[in-house]
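The structure is shown first, and the notes follow by topic.

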Amino acid sequence: MTQRYEPSLFEARWQQHWLENRTFRTPGPGDPDFDPARPKYFVLDMFPYPSGAGLHVGHPMGYIGTDIIARRKRMEGFNVLHPMGYDAFGLPAEQYAIQTGQHPAVTTEANIATFRRQMQAIGLGYDWDREFATCTPDYYRWTQWIFARLYDRGLVYQTEVPVWWCEELKTVLANEEVINGRSERGDHPCVRRPLKQWMLRITAYADRLIDDLDELEWPESVKTMQREWIGRSEGAEVRFPVAEVEGEEVTVFTTRPDTLYGVTFMVLAPEHPLVDRITTADQRAAVQAYREQAAVKSELDRTDLAKDKTGVATGAYALNPLLSPEDPEARIPIHVGDYVLMGYGTGAIMCVPGHDERDFEYAQEFGLPVRTVVAPEDGSAVEGCFTGTGRAVASPRWDGLPTAEAKARSLGILEELGCGTARVTYRLRDWLFSRQRYWGEPFPILHAEDGTHRRVADEDLPVELPEMTDFAPAEDGAPPLSRAGDWLEVTDPSGARLVRDTDTMPGWAGSCWYYLRFMDPRNGQAFASPEALDYWRSVDLYVGGTEHAVLHLLYARFWHKVLFDEGLVPTKEPFAKLFNQGMLQAFAYKDATGRLVPSDEVELSGPEPIHRESGARLEQVVAKMSKSLRNVVNPDEVCAEFGVDAFRLYEMFMGPLADSKPWNPRDVPGARRFLERLWRLFVDEEGDQPIRAELLVEASGEPEGEALEIERAWNPCLQRINDSFGAFNFNTAIAAFMEWLNVATKHRAGFRRDQAERVLAALAPFAPHVAEELWARLGHEPGSVSRAAWPALDERYMGSDTFELAVQVMGKLRGRVEAPKDASKDQLEALARAAVADKLEGKEIKKVIVVPGRLVNFVAM
RNA sequence: GGGGACAUGGCGGAAUCGGUAGACGCAGCGGCCUUAAAAGCCGCAGGCCGCGAGGCCGUCCGGGUUCGAGUCCCGGUGUCCCUACCA
């Protein structure tokens, strides 16, 4: 039998061993082997949607990172909760079902099997006993149950709203799923259409969702995104009476009530209900035409077309409530314009072209007057539009006040006059929560004949998805479930006939609380036991990509807070610490015209990349991995060619986990070579023994000679490994291993068993297969390195006794000299002086800076 | 238009508190081993000048603070990500 490093001979075997022995199973409260004395650590990956394409090398980047963290924490004595599951409801499986007739449950199950196999093949140490998919009744029963809690708290309502409708997908989409009028998934055109929809009152939690961000250990950028998404803005609601139309008034929201004297016109959103009531006869045709045009425009892209402001006068006028109705200045025209959005604030604005750029543009377009009511603090003259803060001018009731005070004063006056109040507005809208689709959680809702609805009793959950064979939505947009026959009909105990709701929940629903289910995934009595919730509390470290910075993380926080208010979870927030891994990119090749050339047309064997057909030189650039560039890398292939440990090491060696960085196929063999060299330190490839005989000898006493050299290299290496867990820059840990290996190889004759054991323990989180293999060959119980203790640092052997002292003259490096680590400042200065004596000759030394352990700098003229 | 991140050799990237820039790896070059090649092992390796000792330049560009700046401050350029009439 060969003793060469051949990972295919043992990697699969160890993976099998871990599964069979449930090595990474984590006992929790209620399990007989649970040890409550240990501290807990819950480290979670954002679980994947199991697509048909399987994993590509980008997915495992974060998974390998958390696997390393989980494995080390386990070795440090923590109860580590590190599970994996599948966000398995969603559109792609259903689209596929419509095209092929395959039931989404079938394709989803097949995809999950692929994902599971791939993740196990990477050696990820998840607790597979806790695995689940959100599309199983065992799970969505509790999704429905939590929905019922929201329902009972009045956070669920049904309303007719203009929603994004995607003709291609035959469903409504949430605002955030539509980008520039096209669906985020599939890039199909979408139109606005009024439909009755389920809404969740997330806006009721807006303030808490902003305020509680402060206590989270999250990237500032993500917190900022969430704050801006919620978009809290403080201002006033002001009511302007409409001239000559008795009883009508225009209510606007403004953040600048201090500019009220500068209002010269008003604009209503095209959809504003007031438009019909106030438009004058001679403007009616023009307004009607404009509204129709605006409705079409919104289907395309209102924002893109809005380079120039458009609008039309209604012919009606409003009266500035601060001025006397007789004052001609008080009379301001009311327009309709599509730069005002019906969905924000009141759908109407007061326009102050002197101090708002959009209003200014509109005023320019339509020749409306501009009135200046704020002057810059420094007294400088402003022409056109000034949006900054300063002092109020031409504003009789608060002239001369700085903007902040003017705001407060104007608010007070508005309230006094009874024509305005302070108000807070949010950009965040209530969450459109229903989809006219099949593959999602059915709503646990029953409709009565009188038009009322009630929720399904808890004991009747889950409301299971009915078996169907045709999932296509109807032409009129009626959901597939409306054709579900018997399933639809329910008779309640009183004999009343009820009909089930036929919408399903959006893809986000299942991921709103899955982290809680991991705490107690097989519980049939509750979504998780109070004991489990109380022990695991919340996620200590949550790792995933930035693409979920707003939606998923905001929705999950919302549900968690509702559960907190219900007294069902012990924490206010679900994810204590968030970490965003970088994106995995790939090299791409650009020709002279700037076009990207698919990778398989590029010849890389020469000194520079060449286009195979034309022979043209190409430029290497960094781009996303994409099918069209044919630079997508499959982890299965990499593992097959280089081994799993090499794959894991390379992914971590590429750079810090947080950075985006390109996959370079040429670098992968370097990781493999490291493992081979390490192997040879332990195993004589030419011999027939599983491990070098010296390593079977129990070492005693302090290391000496070559063993001492290895020891002195090891401890700084371990220090760097430990430090790499601070910022998740495991590339530096692996570099440290490599440097240590270079030293150890040089002094291999002195390599001792105790050193071998410590190295393998520290290596185990990074390259677990080879660590297990060599650990077992050392005679330890198979599989036990995963449970070994994390090695301790020995401060006595932190490198050698001397260091290289840099000697500078006037800040420039002029020499180097070996110096003892414990030398005094005076000794260092003397050594340095001797080293650069010739450079100092004839110069006057003005100052000497001594930095122990580093350098000496002579300031000399 | 707004917000954020980043910028270091041919490539990926190192560099605690401001203290020897380029660790580690890839690609490259030289040597050993070999009939030869591969693999492996040993060594070289930012640029320029010089036979050499050595010197000069160098972390996107321009200024500044400092004994000393990749790191801090001001201004600019470029790349990537997010966002987009939010009143």
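In this predicted model, helix 18 makes a right-handed crossing with helix 19. Helix 18 spans residues 644–653 and helix 19 spans residues 668–682. The points below take up this pair, then a sheet, then the domains.

**Helix 18 and helix 19**
- The two helices pack at an angle of about 120°, and their axes are 8 Å apart.
- Angles of 65 to 115 degrees count as roughly perpendicular and those over 145 as roughly antiparallel; helix 18 and helix 19 are therefore oblique to each other.
- On the helix 18 side, the contact is formed by Asp645, Ala646, Leu649 and Tyr650.
- Helix 19 contributes Val668, Ala671, Arg672, Phe674 and Leu675 to this contact.
- Sorted by class, the contact comprises 7 nonpolar and 2 charged residues, with no polar ones.

- Four strands form an open sheet in the order 4-3-7-17, and their pairing is antiparallel.
- Strand 4 (171–173) and strand 17 (431–432) are the edge strands, each pairing on one side only.
- Strand 3, residues 156–166, pairs with strand 4 in the antiparallel sense over 3 bridges.
- Trp164 has Leu173, in strand 4, as its bridge partner.

**Domains of chain A**
- The domain assignment gives domain 1 as 36–137 + 508–580 and domain 2 as 146–204 + 430–500.
- Between the C-alpha centres of domain 2 and domain 6 the distance is 77 Å.

Conventions: Residues are numbered from 1 along each chain as its sequence is written. Chains are lettered from A and ligands numbered from 1 in the order in which they are written. This is a predicted model: local features need pLDDT of at least 70, side-chain atom pairs count only at pLDDT 80 or more; totals for chains, interfaces and linings use all residues. Side-chain values use heavy atoms; hydrogens and water are left out. Two strands pair if DSSP finds at least two bridges between them. Axes are lines fitted to C-alpha atoms, for helices over the stretch in contact, and angles run from 0 to 180 degrees between N-to-C directions. Angles under 35 degrees count as roughly parallel, over 145 as roughly antiparallel, 65 to 115 as roughly perpendicular and the rest as oblique. A crossing is left-handed if the near helix is turned anticlockwise from the far one by less than a right angle, and right-handed if clockwise. Contact means heavy atoms within 4.5 Å. Ala, Val, Leu, Ile, Met, Phe, Trp, Tyr, Cys and Pro count as nonpolar, Asp, Glu, Lys and Arg as charged, and the others, Gly among them, as polar. Domain bounds come from an automatic or database domain assignment.
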